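I set out to record, entry by entry, what I looked up in this structure. The sequence and coordinates come first.

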Amino acid sequence: MLTIQNYVRPETLDEAWECNQNRKNRILGGMLWMRLGRGSINTAIDLCRLGLDTIEESEEEFSIGAQVTLRQLETHTGLNRYTHGAVRAAVCDIIGVQFRNMATVGGSIWGRFGFSDVLTVFLALDTAVELHRGGIVPLAQFVTMPPDRDILVRLIVRKTPGAVVYLAMRNQRTDFPTLTCAVSDLGGAPRTVIGARPGRAMIVPGLPALPVGQWSQDAISAYAEAAAAAVPTGSNVRAGAAYRSHLCSVLTARALTQLGGINGWN
Amino acid sequence: MDVKQLKTVGRSFPKKDAMQLLLGKPVYTEDITPEDALVVRILRSPHANAIITKIQTETAKKVPGVEAIFTWEDVPSTRFAIAGQTFPEPSPYDRLILDRHVRFAGDAVAIVAAETEKAAERAMRLIRVEYEVLDAVLDFRSAKDNSVLVHPEEDWFPPCEVGGDPKRNLVASETDADGDVDAVLSACDIVIDRTYHTKAFQQAMMEPFIVYTDLDRYGRLHVVSSTQIVFHTRRILSRALGIPKSRIRVEKPRIGGGFGAKQSAVCEVYPAFVTIKTGRPARLIYTRTEVQTAGSPRHEMEIRVRLGASSDGTIRALDLYTLSNTGAYGEHGPTTVGLSGHKSIPLYTGSLEAYRFSYDVVYTNHQSAGAYRGYGATQGIFAVESAVNELAERLGLDPTVLRDRCMVREGMVMPAYYGELTSACALDRCMEHCRQLFDWEHRYPVRDMGNGKVRAAGVAMAMQGSCISNVDVGSATVRLSEDGTYNLLIGAADMGTGCDTILAQMVAECMDCSLDDVAVFGADTDASPYDSGSYASSTTYITGKAVEKACGDLKKTICGIAAEMLGCTQDEVVFDGSSVRSAADGRSVTLTDIAYRTQAGGTVAPAATASHSSPISPPPFMVGMAEIELDRMTGEVKVLDYTAVVDCGTPVNPALARIQTEGGIVQGIGHTLYENVTYNDRGRPIESSFMQYKIPTRLDIGALNVEFEASCEPTGPFGAKSIGEIVINTPAPAIAHAIYRATSVWHRELPITPEAIAMTNTDAQK
Amino acid sequence: MELKLTLNGKRIIEEIDADLLLIDFVRAHGCKSVKRGCDTSGCGLCTVLLDGTPVLSCSMLAARADGHDVRTLEGLQEEAADFVGFIAAQGADQCGFCNPGFVMNTIALLRENPDPTDDEIRAFLAGNLCRCSGYDGQLRGIRAYLNAKKREG
């Protein structure tokens with residue numbers, strides 16, 4: 001049982017940041033599974049008054065406030081037009097609508113959870129995070145940073161022309177994924193992201209170049225095999241390492257195939 | 001009997017409580033019991049097998065708001081069983097309210113009672129327990145004759161002789177046979193010899209276990225519990241607490257699902273003990289974690305099937321050995337196992353020359369198992385139906401045609417089913433109907449859909465019982481009110497199944513009145529006539545018959561009173577549903593007149609109580625067919641279509657029978673594909689919440705298609721048999737069959753996960 | 001701390017503990033329709049509407065509802081009565097324990113999407129578990145309701 005002594009709604013980010021410097025205080029995000037933890041929180045910090053609950057779309061980018069819910073991601077027309085539904089695909093099997101009405105982007109990204117669909121899809125996009133003190137940091141860099149007492153303010157997704165495909169495998173439709181996979185082509189080489197390994201999502205390094213134009217089935221297979229070889233997988237209650245590596249190859253190949261099929265897009 | 005002539009039975013009506021439930025009215029235990037009762041919480045063992053060497057509660061007792069903390073030193077030393085079964089129970093008396101010896105990770109160590117949840121939580125953290133951790137029996141295959149004993153105590157007591165021996169970790173053991181199975185097997189052209197494994201699946205009813213207790217206005221122990229078994233609970237509490245049954249009253253309000261979980265008195269003893277000791281109201285609500293880890297799930301079973309057949313597919317012999325894991329305590333252990341053979345083997349009475357069925361039920365240091373819809377039949381049918389499918393595929397025969405040849409039919413005597421005669425059996429019609437409805441001819445062949453996906457189909461048959469023959473007792477009291485309506489009082493427990501409604505439909509049919517004119521009450525040990533409770537698929541068949549009898553008696557009583565009012569003899573009057581008239585001169589008195597008459601100078605109660613029991617347990621039958629789409633690369637299985645045709649005798653309320661069937665099928669799909677129960681190497685359960693134990697959502701199922709083939713059971717009320725349990729039995733073998741069709745691999749262990757499918761080398765086994 | 005909110009149309013001002021969960025707050029205020037089915041934010045039984053949006057009251061601090069409008073089934077009886085008869089006609093209410101959460105989320109669905117497809121219904125209600133019905137009866141009930149409404153015009 002989690003106990004909380006105080007609850008505050010800071011009016012400014014500075015105020016929230018100050019409050020969050022005390023190790024016994026915590027930012028609530030969507031709360032949800034936070035309550036499964038034991039122990040005691042001195043002050044729960046609700047960022048609800050900071051106007052971080054909207055998705056702003058401009059010519060160049062999407063600015064996604066930390067308090068934006070997964071359901072907002074799912075239903076946002078512009079974001080899903082840009083990603084050809086990949087963002088919707090990444091969140092739509094997470095528990096249920098009520099859960100997604102509460103879970104926040106900030107909470108999902110800040111936690112850097114291994115199972116995170118959200119982290120996987122945003123890593124495949126040109127995404128940066130804005131930290132209140134740390135400034136704007138590429139998401140790929142952020143996930144490797146050790147957790148500190150900063151505050152995640154928003155996500156910035158640049159509208160780099162390209163395409164992205166999201167696939168995940170689940171034992172049961174609304175369960176945690178056994179593997180997540182997002183592959184994007186944002187000009188240059190495709191970027192492949194694998195998550196729920198069960199470790200945290202990672203951009204797969206050192207993949208072979210794919211020929212310009214149509215990708216042959218052989219080239220896709222070779223690429224997918226290389227991805228499976230490059231991604232460390234592990235075992236947990238949902239699946240074993242060998243199966244995850246197998247899935248890594250299968251989902252990568254499928255995502256690439258779908259990606260090749262998206263024509264004249266963005 | 002022609003069901004079409006009936007007015008109320010055989011028609012769909014909404015449940016009598018439907019609008020209350022759908023509009024969220026306060027009708028469950030937590031809603032109707034006082035909030036200021038003591039909060040009861042249970043401190044649980046982290047160890048699978050240990051002796052408590054020291055337990056210190058003094059610090060915890062000082063937490064403000066803590067009323068009492070009890071340990072093994074405080075409780076009576078009489079062993080008891082929590083299985084909801086008729087006395088003398090086949091389950092051993094192997095429990096204490098709190099025992100110094102804890103036998104599974106989750107076993108009760110201390111009872112904490114406090115004014116608030118927070119105080120109880122704090123106190124639990126402050127109780128200091130020292131354990132002597134013992135080796136644990138964590139694999140049921142090595143439990144029998146293991147040097148580690150789960151129940152070494154000397155006061156272990158079996159009320160019935162069922163072949164148990166705690167010095168061998170055995171709860172029960174038996175062999176039953178008909179014919180010379182070894183001789184027939186050796187004469188068979190083909191013998192399929194396979195072993196199947198099913199897990200300790202969770203009922204996962206939405207309402208957790210919950211019990212409220214207080215002392216009533218007479219100082220008696222008053223228990224409000226979400227239970228299927230009010231009378232058994234009274235008896236269990238009486239023994240466990242050492243107080244007379246006359247000092248206990250047990251009632252159940254609406255129940256948020258049971259599926260057998262609440263056929264054991266899982267947690268009634270704890271708040272009852274608190275109330276007895278403190279004199280104060282107490283309430284215990286299990287967390288979902290407690291439901292998952294200290295509940296009463298299915299018995300894990302491993303079943304070896306040896307099936308002998310001729311090369312033309314005639315099934316000649318079945319030899320089953322079932323090893324059942326009852327966990328740390330023996331509830332329902334000796335009985336569930338019996339169904340694994342007795343409700344699978346008889347399906348092939350049509351061609352079977354000999355059978356043998358033997359079993360061992362063992363203790364382990366796992367969570368104690370209990371009763372779950374299907375009650376052993378589900379496990380046995382997975383094994384036998386899979387073996388039959390393996391036979392058909394080996395011989396290249398259509399498995400439905402093979403079954404046509406071998407299945408039990410009406411009029412046959414079933415040696416493996418206690419020699420009972422099938423007086424109503426539409427299994428053959430179910431198969432034909434299901435074949436047509438499902439379009440088996442076109443869906444059975446495997447179809448490649450491209451992109452690594454294939455579609456395939458599988459089939460299975462099932463049976464169950466309609467009661468425990470010669471044991472279950474159902475009773476009903478039917479009473480005339482002064483406005484000419486009726487009260488129906490029962491001791492059976494509607495846990496959402498709709499039995500209150502279907503029993504009222506029977507009253508309406510018998511008394512020729514509207515369903516709205518029947519008010520139902522149940523269940524309360526102080527007010528209801530005795531009923532074993534709602535389990536073993538017995539309520540429609542047994543309590544239904546009691547209702548029919550009581551109505552017959554009441555009609556006679558009413559006619560007697562009316563005859564006196566009309567100044568004629570009873571055989572000169574006719575009952576027409578709203579009045580009783582003299583056949584000779586047409587003079588009549590209304591039911592209202594009659595009822596008022598009984599209230600003014602009446603000497604005869606316008607009420608009747610009847611009990612019923614049955615020497616037989618007529619099986620319902622069913623055929624289920626599954627179509628799946630299987631992704632050969634990822635191993636993902638989608639159930640596209642599940643079609644079932646059921647023979648439950650007369651469906652008393654077809655809408656409710658259909659929902660029962662659909663709900664059972666979906667539970668079965670969950671068990672087959674992803675619901676799992678595992679332990680870590682120290683014996684701690686892994687799937688301890690809904691985060692880990694995944695039950696199907698509405699995104700996990702495809703089309704469900706359910707129809708009925710009615711038969712007419714002469715011993716059942718209006719020809720009815722049962723529906724509640726049989727419906728869970730076909731998905732596992734049918735889906736496993738479809739998976740074989742799609743992959744050429746037989747999966748003999750549940751659940752069949754995508755990983756198991758994708759990672760099985762198809763060449764390894766053929 | 002002081003909490004001010006509207007519960008089923010009624011203004012409430014009350015001193016609460018910071019860690020009081022919304023489910024316990026509304027139940028204490030007589031809204032017994034709100035149920036707990038799991039401890040892990042995954043069953044949907046505790047669904048309430050916060051400013052019209054379905055949320056899990058078991059996973060939300062009551063404090064966060066400060067200044068907002070909270071609706072439970074107790075406050076939506078008429079809107080619910082409109083369609084629950086169709087669920088009853090299917091017999092899909094069964095044990096009933098999941099019904100309030102299911103009804104609340106169905107109300108949210110139909111407000112947002114008055115003419116949903118079967119797949120849209122399944123997707124929106126996926127977070128509402130039911131162990132009794134097998135779900136199809138609930139779907140048939142909603143479909144029958146929508147058809148009846150169309151016939152009425």
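This is a predicted model: local features need pLDDT of at least 70, side-chain atom pairs count only at pLDDT 80 or more; totals for chains, interfaces and linings use all residues.

**Entry 1: chain B overall.** I counted the secondary structure of chain B and found 19 helices and 29 strands. I then took the extent of its C-alpha trace, which spans about 85 × 70 × 50 Å along the principal axes. I asked how the radius of gyration of chain B compares with that of a compact globule. For 766 residues such a globule would have a value near 27 Å, and chain B has 27 Å, which agrees. I also looked up burial: 62% of the 766 residues of chain B count as buried. Of the contacts in chain B with a separation of 6 or more, 80% join residues 24 or more positions apart.

**Entry 2: domains of chain B.** The domain assignment gives domain 1 as 3-26 + 468-612 and domain 2 as 33-134 + 203-293. I find the C-alpha centres of these two domains of chain B 37 Å apart. Their contact draws 16 residues from domain 1 and 20 residues from domain 2.

**Entry 3: helix α4 of chain B.** I asked which residues of helix α4 (residues 117-126) of chain B are buried. They are B:Ala119, B:Ala120, B:Ala123 and B:Met124. Seen down the axis of α4(B), these buried residues fall within an arc of 135 degrees, so they line one face of the helix. In general, an α-helix has 3.6 residues a turn, so residues three or four places apart point the same way. I then looked for the packing partners of the buried residues of α4(B), and these are β1 (38-44), α3 (58-61), β3 (66-70) and β5 (108-114) of chain B.

**Entry 4: the largest nonpolar core.** This core has 390 residues, and those touching the most other members are A:Ala182, B:Ile111, B:Leu488 and B:Val507. Helix α15 (residues 539-566) of chain B supplies the largest share of the core, 11 residues.

**Entry 5: chain A against chain B.** I find 15 residues of chain A in contact with 16 residues of chain B. On the chain A side, helix α10 (residues 241-261) gives the largest share, five residues. That side of chain A divides into eight nonpolar, five polar and two charged residues.

Methods:
Residues are numbered from 1 along each chain as its sequence is written. Chains are lettered from A and ligands numbered from 1 in the order in which they are written. Two residues are in contact if their C-beta atoms, placed from the backbone, lie within 7 Å. Helices (H or I, at least four residues) and strands (E, at least two) are DSSP runs, numbered from the N terminus. Ala, Val, Leu, Ile, Met, Phe, Trp, Tyr, Cys and Pro count as nonpolar, Asp, Glu, Lys and Arg as charged, and the others, Gly among them, as polar. Domain bounds come from an automatic or database domain assignment. The radius of gyration is taken over C-alpha atoms; the globule rule is 2.2 Å times the number of residues to the power 0.38. A residue is buried if 20 or more other C-beta atoms lie within 10 Å of its own, exposed if 12 or fewer, and partly exposed in between; C-beta atoms are placed from the backbone. The arc is that of the directions from the helix axis to the C-beta atoms. A nonpolar core is a set of buried Ala, Val, Leu, Ile, Met, Phe, Trp, Tyr and Cys residues joined through C-beta atoms within 7 Å.
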